[in-house]
Amino acid sequence: QLLGNQDHIKLEPEKLKKAHDEQQQKLEGRVLALGQELQEAKGAVGTGQRRLVEQSAVLLTCQGQLQEVEAENSRLQLRLKELNEEYRCRLGQYIRDVANYMDSKPSSVTGHSKGPARQAAMKNFVDSMLRDIRASYKSREEQLARAARGYRKRMKDLARKHENLLIAYGLQREQIQSLGSSAVDCGPAELHFCITDPELLTNSSRELNRLREDKAKLERQLQELQKGLGLMSGHDPNELFCPRQLDEEGWAEVRKKLREFALNTQEDLEQERSQLLTRAVVAEEQVSELQGYIDQHLAR
């Protein structure tokens, strides 16, 4: 039976070799296709990175232009306010001149002369109208000033609460990092959530933002160092650089300095806020006195 199946046995290796060659050709074609797709993906990634860099540059340029436009807008608004005030004064003076001209004009009725009350009728009407206009403008300006002060106060309160939240968030990130677990995501750095509006930033806030930026850079360098040493040694980076294995006294000293800096900064901010409130109250009193003096003596 074996001798009779020799032809069949000879054909089987040929079939297997042929099938193997076909499979190998298919795999080679698949590998070539995957390599081409990989090259295309790399090209797409490079194109995306170039576009991202270009968009980042455009974004920075647009931000700079936006700041310039905002500054120009503020300057134009101030200039518009000055021009409105100037035109308002001119209009009032023109109306007074017209009233004086109308009161000084002789009567067209023959045989009758104007009395003093009749002569000053137009002037009295114009003075009353201007007083009403000034009173309405003054009430509106006071209303807008109160609204602006309330808005600034709310913005400062929100900025202070945001700063307290950032401090609490930073402490929580430090506690999570001290556990030394790589499975827990600590979240982005505090610098990612900092306020960048120059109007809401004080000197202390700018200093804190600078320290947060330095801290974020150090954290990135530490992560890169952990990855590099982990790849070289074949160990888990968290086991090599676990915060528990670091100098506990050094960490305690750093936390103590951070707490002292935060407390001192808060005290300085409170003192600055109380001084500013006192100056604001004094300035409001002076403005009210000057406005009363202007209303009483400027017309005379």
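How many nonpolar, polar and charged residues does the lining of the second largest pocket have, by class? The lining has four nonpolar, one polar and six charged residues. This is a predicted model, in which local features need pLDDT of at least 70 and side-chain atom pairs count only at pLDDT 80 or more, while totals for chains, interfaces and linings use all residues. Residues are numbered from 1 along each chain as its sequence is written, and side-chain values use heavy atoms, with hydrogens and water left out.

**Second largest pocket**
- Helices H1 (6–104) and H3 (121–179) each supply at least two lining residues, and H3 gives the most, with seven.
- Helices are DSSP runs (H or I, at least four residues) numbered from the N terminus.

**Helix H1**
- H1 has 99 residues and reaches 141 Å from first to last C-alpha, close to the 147 Å expected at 1.5 Å a residue, a span counted over one less than the number of residues.
- Gly46, Gly92, Ala99 and Asp103 are the buried residues of H1.

**Glutamate 163**
- Glutamate 163 lies in helix H3 and counts as buried because its relative accessibility is 15%, where buried means under 20% relative accessible area (1.4 Å probe, protein chains only).
- Beyond neighbours within four places in sequence, glutamate 163 is in contact (heavy atoms within 4.5 Å) with Ser205, Leu208 and Arg212.

Technical notes:
Nonpolar A, V, L, I, M, F, W, Y, C, P; charged D, E, K, R; others polar. Buried < 20%, exposed > 50% of the residue type's maximum accessible area, 1.4 Å probe, protein only.
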